[in-house]
Amino acid sequence: MTQDFYGTGARGPQALIRLETVWKRFGSTDVLRGAHLSIYRGETIVIIGESGCGKSVLLKHIIALLRPDKGRVIFDHIEISSTDEADMAAVRRRFGMVFQTAALFDSMSVRENVAFGLYRHTNFPERRVDEIVAEKLRLVGLSGVEKKMPAELSGGMKKRVGIARAIALDPEVILYDEPTTGLDPIMADVINELILRVQQTQNTTSVVVTHDMKSAYKIGSRIAMLHQGKIIQVGTPEEIQNTSNPVVAQFIAGEARDRIEETV
Amino acid sequence: MNGLVQRLNDDVLSLFAAIGRFSRFTLAVVSGITIEPPRRRVILPLMIEIGVRSVAVVLATGAFVGMVLAVQIYSQLHKIGSETSAGPIINLSIVSELGPVLAAIILAGRVGGAMAAELGTMKVTEQIDALRTLGADPINYLATPRFFACLLLVPILTLYSDAIGVLGGYMMSVKYYGISDFFYWEQTRRYLARWDIFVGVAKSFFFGGAIGLICCYKGFQTEQGAEGVGRATTRAFVTSFITILVGNFFLSLFFNTLYSMMYMR
């Protein structure tokens, strides 16, 4: 593996997504402090880091839900960090995003949730929409729930519907924000398997934000650690497991050490 | 002293920034109708929620306002033996002032509060971000149909409220207190002009638009979880309430001046 400016494990010379010195401040707190990251086509990169360290903020920059105060985000030669919001709809068509809370639309049925992007971006007839919804729900192991409302679903089922909605338009990139948080270990593993299944069947590039190391090792082709607003190490799961960086080592071992007393 | 000046400066700047944000929001909401007219599947449930489900509360408000006006006005006029003047006083008050204002306040609480809470919840549960990822402009998709639904339905609901208020006033004045049916309506016909009805409806358009804009804006501004949703809902109602009262004063002044200019030359 070669060590480049953006990390290790580069699969080709051209990154599909590039975050260049991204800074983001909320109030008086700099959440991102010059984060660099390159993401390559076809890989599953897992971004790990402590709760509240800015992983979700970083992820939202990739799809321009947040814009950097400084720095650039480039997706397939398009500088999305400065692309007008009106023009972003076409770019976002190439992305799918699975939210931490699933973020299903409460007032819509499962079918309407999964079909939402199809109605926005295509003119498919109703029968075709129904077929795609059924196919995507089958892929996430939830056939036959089209008519249910989100309130009738369990946490795990909501995540699955969220994945089905994200893949409905066969996106090139899927972003997962804490996909296993709040789930029991078995359901968390089911979601991991689904992420792998989607990766294999849809041939997508995946970016997964998590602090669940079991999940990171299972699904990640590369792992990047975000700490104090910067990516401090990027590498294959093996490289991360054998890291010499004490911060990364402490995080993957899940040891409190001197962190019992926290300063805010 | 310097600190005070600095604080004042900051407050003025943040006030202008807030006005700027609200103006941009208003422009985006209103222009949304030309960019992408609301779809039937989006606007219809909203019309039912805002319009149909508000009819009962608006009718109850109108009826009791009409009746209590009759009670108060009759008791005063009875002292000077001018009960027959109750008709125009009650009906004019209902149609041009109390009907639009009270209906708008009730709707700001029922509809506006619900809209702010719904949009606020969507914001804190990332549903608004989800809309953006799926290619929908949240302002265009969520606020524009709500604004136009309020703009259209608040005047209609106000007319319902006016009608039932007039009926309530009539029932109390004529059927309960025994004022002459003929004089009640004859006096009303003489003093209540179409202009007064127009003023009431024009005001309710303004109130409907204000409720739609303010409550959607406050919903979109929601931060920090369930507590933030509660705060946004309260702010939405209070701001709408103040806007309705202040707006009513200036609109009354404006329409009276306009009337004088048009008919009193």
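Visitor: Why are α1(B) and α6(B) called roughly perpendicular to each other?

Guide: In this predicted model, the axes of α1 (residues 2-35) and α6 (residues 138-176) of chain B cross at roughly 90°. The label covers angles from 65 to 115 degrees, and therefore α1(B) and α6(B) count as roughly perpendicular. Their axes come within 8 Å.

Visitor: Which residues meet where α1(B) and α6(B) touch?

Guide: From α1(B) there are B:Phe25, B:Ala28, B:Val29, B:Gly32, B:Ile33 and B:Ile35. Facing them in α6(B) are B:Ile139, B:Asn140, B:Ala143, B:Thr144, B:Phe147 and B:Phe148. Sorted by class, this contact has 9 nonpolar and 3 polar residues, with no charged ones.

Visitor: Let's move to chain A. What makes A:Asp212 count as buried?

Guide: The count of C-beta neighbours inside 10 Å is 21 for A:Asp212. Buried requires 20 or more, so A:Asp212 qualifies. The residue sits in the loop between β10 (205-209) and α7 (213-219) of chain A.

Visitor: And which residues does A:Asp212 touch, leaving out those up to four places away in sequence?

Guide: They are A:Thr180 and A:Ala188. A:Ala188 is 24 residues away in sequence, yet the C-alpha to C-alpha distance to A:Asp212 is 9.4 Å.

Visitor: Why is strand β5 of chain A described as largely enclosed by the rest of the structure?

Guide: Because 5 of the 5 residues in β5(A), residues 44-48, are buried.

Visitor: What makes β4 and β7 of chain A edge strands?

Guide: The open sheet they belong to has 4 strands in the order β4-β3-β6-β7, with antiparallel pairing. β4 (29-39) and β7 (78-79) each have a single partner strand, so one side of each is left without a neighbour in the sheet. For β4(A), 8 bridges link it to β3 (residues 17-26), the two running antiparallel; A:Leu19 has A:Leu37 of β4(A) as its bridge partner.

Visitor: How many residues of each chain are in contact between A and B?

Guide: 10 residues of chain B contact 15 residues of chain A. The chain B side of that contact is made of 3 nonpolar, 4 polar and 3 charged residues.

Visitor: What confidence values does the predictor give for the complex?

Guide: The complex has an ipTM of 0.87 and a pTM of 0.85. Chain B has a mean pLDDT of 91, with 99% of its residues at 70 or more. For chain A the mean is 88, and 92% of residues reach 70 or more. Residues 1-11 of chain A have a pLDDT below 50, and in the model this stretch makes 28 contacts beyond near neighbours in sequence.

Definitions and conventions: Residues numbered from 1 in each chain as written. Chains lettered and ligands numbered in written order. Predicted model: local features only at pLDDT ≥ 70, side-chain atom pairs only at ≥ 80, totals over all residues. Pairing = 2+ DSSP bridges. pLDDT = per-residue confidence, 0-100. Contact = placed C-beta atoms within 7 Å. Nonpolar A, V, L, I, M, F, W, Y, C, P; charged D, E, K, R; others polar. Axes fitted to C-alpha atoms, helices over the stretch in contact; angles between N-to-C directions. Parallel < 35°, antiparallel > 145°, perpendicular 65-115°, else oblique. Buried ≥ 20, exposed ≤ 12 C-beta atoms within 10 Å, placed from the backbone.
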